[in-house]
Amino acid sequence: MAEELKVIVFTLAHEEYGIEVDKVRTIERMVPITRVPKTPAFVKGVINLRGIVIPVIDLRGRFGLAETEITENSRIIIVAANDLEVGFIVDSANDVMDVMSDAIENPPEVLGGIKAKYISGVAKIGDSRLLILLNLVEVLSRNEIIQLEQFGE
């Protein structure tokens with residue numbers, strides 16, 4: 001029997017993506033980000049969220065997509081990955097959706113320029129809607145996680 005998976009739906013470059021609800025801590029409006037030197041370009045810096053310093057990554061930059069201006073719809077999704085809280089800047093985050101596990105297919109090798117390793121699957125929603133499910137462990141490589149953990153110290 002197919003299981004139901006709850007996901008937070010967000011957009012990047014007019015495509016819909018999903019992150020499992022249990023990996024998302026909170027969704028925040030954009031706040032000032034403090035730049036940190038000698039980090040990859042997609043690491044925008046850190047924010048102070050209720051007394052906790054959290055590194056922030058621009059998912060557009062991480063996926064090699066063109067960066068755009070921050071709008072009032074832009075959000076920072078705070079996720080927990082490997083005992084580390086990280087913020088992802090996305091174009092918008094506006095939905096929670098139930099996805100049936102039997103509607104999820106393995107990702108193709110390359111999906112819209114995003115390497116397949118960043119994607120855990122593609123969910124078919126209805127007849128014409130696709131939802132790209134992120135593999136959080138791969139979005140942050142091991143070396144990057146170590147680098148980001150040092151920001152919090």
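Buried means under 20% relative accessible area. I keep that cut-off at hand for the entries below, and I note that the model is predicted.

**Entry 1: Glu 28 and Arg 50**

I looked up Glu 28 first. Its relative accessible area is 16%, so Glu 28 is buried. I then asked which residue its side chain meets in a salt bridge. The partner is Arg 50, at 2.8 Å from N to O. Arg 50 has 63% relative accessibility and counts as exposed.

Glu 28 is in strand β3 (residues 24-29), while Arg 50 is in the loop between β4 (43-49) and β5 (52-58), so the pair ties together parts that are 22 residues apart in sequence.

**Entry 2: the sheet around β3**

Since Glu 28 lies in β3, I looked up the sheet next. It is an open sheet of 5 strands with mixed pairing, and the order is β3-β6-β7-β5-β4. Which strands stand at the edges? They are β3 and β4; each has a single partner strand, so one side of each is left without a neighbour in the sheet. From one strand to the next, the twist averages 30°.

For β3 the partner I looked at is strand β6 (residues 75-81). The two run antiparallel and are joined by 5 bridges. In this pairing, Ile 27 stands opposite Ile 77 in β6.

**Entry 3: other salt bridges**

I searched the whole structure for salt bridges, and the count came to 9. One of them joins Lys 6 to Asp 98, with the closest N and O atoms 2.7 Å apart. Lys 6 lies in strand β1 (residues 4-12) and Asp 98 in strand β8 (residues 92-100), so this pair ties together parts that are 92 residues apart in sequence. Are these two residues buried or partly exposed? Lys 6 is partly exposed at 46% relative accessibility, and Asp 98 is partly exposed at 36%.

Another salt bridge is between Asp 91 and Arg 60, whose closest N and O atoms are 2.8 Å apart. Asp 91 sits in the loop between β7 (84-90) and β8, and Arg 60 in helix α1 (residues 59-62), so the pair ties together parts that are 31 residues apart in sequence. I looked up burial here too: both Asp 91 and Arg 60 are buried.

Technical notes. Residues are numbered from 1 along each chain as its sequence is written. This is a predicted model: local features need pLDDT of at least 70, side-chain atom pairs count only at pLDDT 80 or more; totals for chains, interfaces and linings use all residues. Side-chain values use heavy atoms; hydrogens and water are left out. A salt bridge is a side-chain nitrogen of Lys or Arg within 4 Å of a carboxyl oxygen of Asp or Glu. Helices (H or I, at least four residues) and strands (E, at least two) are DSSP runs, numbered from the N terminus. Buried means under 20% relative accessible area, exposed over 50%, partly exposed in between (1.4 Å probe, protein chains only). Two strands pair if DSSP finds at least two bridges between them. Axes are lines fitted to C-alpha atoms, for helices over the stretch in contact, and angles run from 0 to 180 degrees between N-to-C directions.
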